[in-house]
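Please examine the sequence and the structure shown here before turning to the report.

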Amino acid sequence: MKQGWEVKKLGEVCDLMTGGTPSRSKPEYFLGGTIKWLVSGDIHKGEIFDCEGRITTEGVSNSNAKYLPINSVLIALNGQGKTRGTVAMLRTIATCNQSLVSIFP
């Protein structure tokens, strides 16, 4: 390490965010949704410009889903096989479920 550099925890120099899943028992949180909602399987795209999942404004308001910063680094926190630990760049406005973490300096 270079002289004068300091050791910091990632959370001290970056914003860390994860999301949530709206209640599946409330169809109004999903039906007709226009807000991009990422899941761990989307991480394999490398750069994420779009995704299949969508939720509604009501779904965002009534869950832990949050809008993530564009150009943040996403890491899959869980998933099957090669998914966990996979990294992608977010290139669009989107929310995510709890299986992803956004890291933004």
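This is a predicted model: local features need pLDDT of at least 70, side-chain atom pairs count only at pLDDT 80 or more; totals for chains, interfaces and linings use all residues.

The report below covers the basis of the model, its sheet, its cores, some individual residues and its surface.

## Basis of the model

Residues are numbered from 1 along each chain as its sequence is written, and side-chain values use heavy atoms, with hydrogens and water left out.

## The sheet

An open sheet with mixed pairing is formed by 5 strands, in the order β1-β8-β5-β6-β3. Strands here are DSSP runs of E with at least two residues, helices are runs of H or I with at least four residues, and both are numbered from the N terminus; two strands pair if DSSP finds at least two bridges between them. At the edges stand β1 (15-18) and β3 (47-48), each of which pairs on one side only.

Strand β8 (residues 100-104) pairs with β1 in the antiparallel sense over 4 bridges, and Ser102 in β8 is the bridge partner of Met17. The pairing of β5 with β6 is also antiparallel, over 3 bridges, with Val73 standing opposite Met89 in β6. In contrast, β3 and β6 run parallel and are joined by 2 bridges, where Leu90 in β6 is the bridge partner of Ile48.

## The nonpolar cores

A nonpolar core is a set of buried Ala, Val, Leu, Ile, Met, Phe, Trp, Tyr and Cys residues joined through side-chain atoms within 4.5 Å, where buried means under 20% relative accessible area, exposed means over 50%, and partly exposed lies in between (1.4 Å probe, protein chains only). The largest such core has 12 residues, namely Leu38, Ile43, Ile48, Cys51, Leu68, Leu74, Ala76, Ala88, Leu90, Ala94, Cys96 and Leu100. Two or more residues of this core come from each of β5 (73-76) and β6 (87-90). Apart from it lies another core, of 7 residues, including Phe30, Ile35, Trp37 and Ile55.

Contact means heavy atoms within 4.5 Å. Leaving aside neighbours within four places in sequence, Leu100 is in contact with Met17, Thr18, Gly19, Leu38, Val39, Ser40, Ile43, Ile75, Ala76 and Leu77.

## Buried residues in loops and a strand

Cys51 lies in the loop between β3 and β4 (54-55) and counts as buried because its relative accessibility is 7%. Not counting residues up to four places away in sequence, Cys51 touches Lys36, Trp37, Leu38, Asp42 and Lys45. Between Cys51 and Lys8, 43 residues apart in sequence, the C-alpha to C-alpha distance is 34 Å.

Thr95 is placed in strand β7 (residues 95-96) and is buried, because its relative accessible area is 0%. Its contacts, apart from neighbours within four places in sequence, are Ile35, Lys36, Trp37, Leu38, Ile55, Val60, Ala65, Lys66, Tyr67 and Leu68.

## Partly exposed and exposed residues

Val13, in helix α1, is partly exposed because its relative accessible area is 48%. Although Val13 and Phe104 are 91 residues apart along the chain, their C-alpha atoms are separated by 8.7 Å; the contacts of Val13, leaving aside neighbours within four places in sequence, are Lys8 and Pro105. Asn71, found in the loop between α2 (57-61) and β5, has a positive phi of about 75 degrees although it is not a glycine, and with a relative accessible area of 40% Asn71 is partly exposed.

Met1 lies in the segment before α1 (10-13) and counts as exposed because its relative accessibility is 72%. Together, Met1, Trp5 and Val7 make a nonpolar surface patch of about 440 Å². Patches are made of residues with over 30% relative accessible area and no salt bridge, with nonpolar side chains (Val, Leu, Ile, Met, Phe, Trp, Tyr) joined within 5 Å and like charges within 9 Å. A salt bridge is a side-chain nitrogen of Lys or Arg within 4 Å of a carboxyl oxygen of Asp or Glu, and accessible areas come from the Shrake-Rupley method with a 1.4 Å probe, only the protein chains shown counting as cover for residues.
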